[in-house]
Amino acid sequence: MDAYEAGSAARHGPEEEPRDAPSTVASPSTVVSPSTVASAPTVASASASASVPAPPSAPEPRTGVAALSLWYQIGAALALAVVAIAVCVHIGMVFLHVAPPNTITKQHGKAIDEWIYPEFEQNWKLFAPNPLQQNISVQVRGEVATADGTTRTTGWYDLSAQDGRAIDGNLLPSHTQQNELRRAWDFYVATHDAENRPVGLRGALSETYLRRIAELRLDRENAAGEGGVVERVQFRSRTTNVPVPKWSDERVSDKPTYRVLPWWWVAEEKTDGAARAASAGGTEGGAR
């Protein structure tokens, strides 16, 4: 009846003054709607779940160096330290090598050169105001004494082209293939004048160096043939200008120029050895 009276009090006619509906008081006679009853367990369960602490989450797995054991971490740290020290030393050596002369280079110049040469040599021609714009090819030929007593001259062997073919496509070309012939020729040009006359005491050394290279290369190519001996060798250089780019108006000659060196004897040791052997054989034959 209370609920009915409250509901009837809320409904009034047009002539009656509106009356405030009595506030709902929780009492044993209060009627609870079905929706309120349905929502009560949900609220209770939400409050219960909020009061229960969530289970702790599993720790994330370690990756990288952190996943290693202590000894492996120490080893990795030591390896990284060694690499860092080596890089710093190398950068310092290269800096001292290219820097102007100073107190350190004067006192430790030999140690710096031993570190730099030959693998880390710095060629500054690329950065010069007028960089090298020529292709220089070193060639050699030999004079062969054949087994029948005649003499013949071989064709020109392009040693630079041989080294180029050995380097092309090779991921790890040897230092010999890259620099031996080039350094030997630069050494000769620096110690001789335009008339191929030695300048200074190192001229004869540069000739011996080139002569030895020619002897080894011709022997590798079997230039003497069966029973033949290479008695003399001759070098020449073939220089051509690098073609200018299409966008440049510069004009350069495309004709090669040659620098021909004199003939050098290379078989003195072989000839003297053969003569000594023949002499020894003749003496033994006479004694018999």
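Modeller: Here we go: from the N terminus on, the elements run α-α-α-α-β-β-β-α-α-α-β-β-β-α. That comes to eight helices and six strands. Keep in mind that this is a predicted model.

Biologist: Let's start with S206, in helix α7 (residues 203-220). Why does S206 count as buried?

Modeller: Buried means under 20% relative accessible area. S206 has 0% relative accessibility, so S206 counts as buried.

Biologist: Which residues does S206 touch, leaving out those up to four places away in sequence?

Modeller: F187, Y188, T191 and H192. Contact here means heavy atoms within 4.5 Å.

Biologist: How do you know that the length of α3 agrees with its number of residues?

Modeller: The expected span is 1.5 Å times one less than the number of residues. Helix α3 (residues 70-98) has 29 residues, so it should span 42 Å, and its end C-alpha atoms are 43 Å apart, which agrees.

Biologist: And which residues of α3 are buried?

Modeller: M93, V94 and L96. Those buried residues of α3 pack against α4 (103-116).

Biologist: On to the largest pocket. What makes a residue part of its lining, and how many residues line it?

Modeller: A lining residue has an atom within 4 Å of a pocket point. For the largest pocket that gives 22 residues, with L132, I136, S160, R182 and D186 lying nearest its centre. The pocket's volume is about 600 Å³.

Biologist: Which elements each supply at least two residues of that lining?

Modeller: β1 (134-145), α5 (159-167), α6 (175-190) and β4 (229-241). The largest share comes from α6, with seven residues.

Biologist: How does the lining split by class?

Modeller: Eight residues are nonpolar, nine polar and five charged. Gly goes with the polar ones in this scheme.

Biologist: Now the whole protein. What percentage of its residues count as buried?

Modeller: Of the 288 residues, 20% count as buried.

Note on methods:
Residues are numbered from 1 along each chain as its sequence is written. This is a predicted model: local features need pLDDT of at least 70, side-chain atom pairs count only at pLDDT 80 or more; totals for chains, interfaces and linings use all residues. Side-chain values use heavy atoms; hydrogens and water are left out. Helices (H or I, at least four residues) and strands (E, at least two) are DSSP runs, numbered from the N terminus. Buried means under 20% relative accessible area, exposed over 50%, partly exposed in between (1.4 Å probe, protein chains only). On a 1 Å grid over the protein atoms alone, a cavity is a set of points where a 1.4 Å probe fits but cannot get out, and a pocket is an open set with protein on both sides within 12 Å along at least five of seven lines; lining residues have an atom within 4 Å of a point. Grid points are joined across faces, edges and corners, and a volume is the space filled by probe spheres set on the points.
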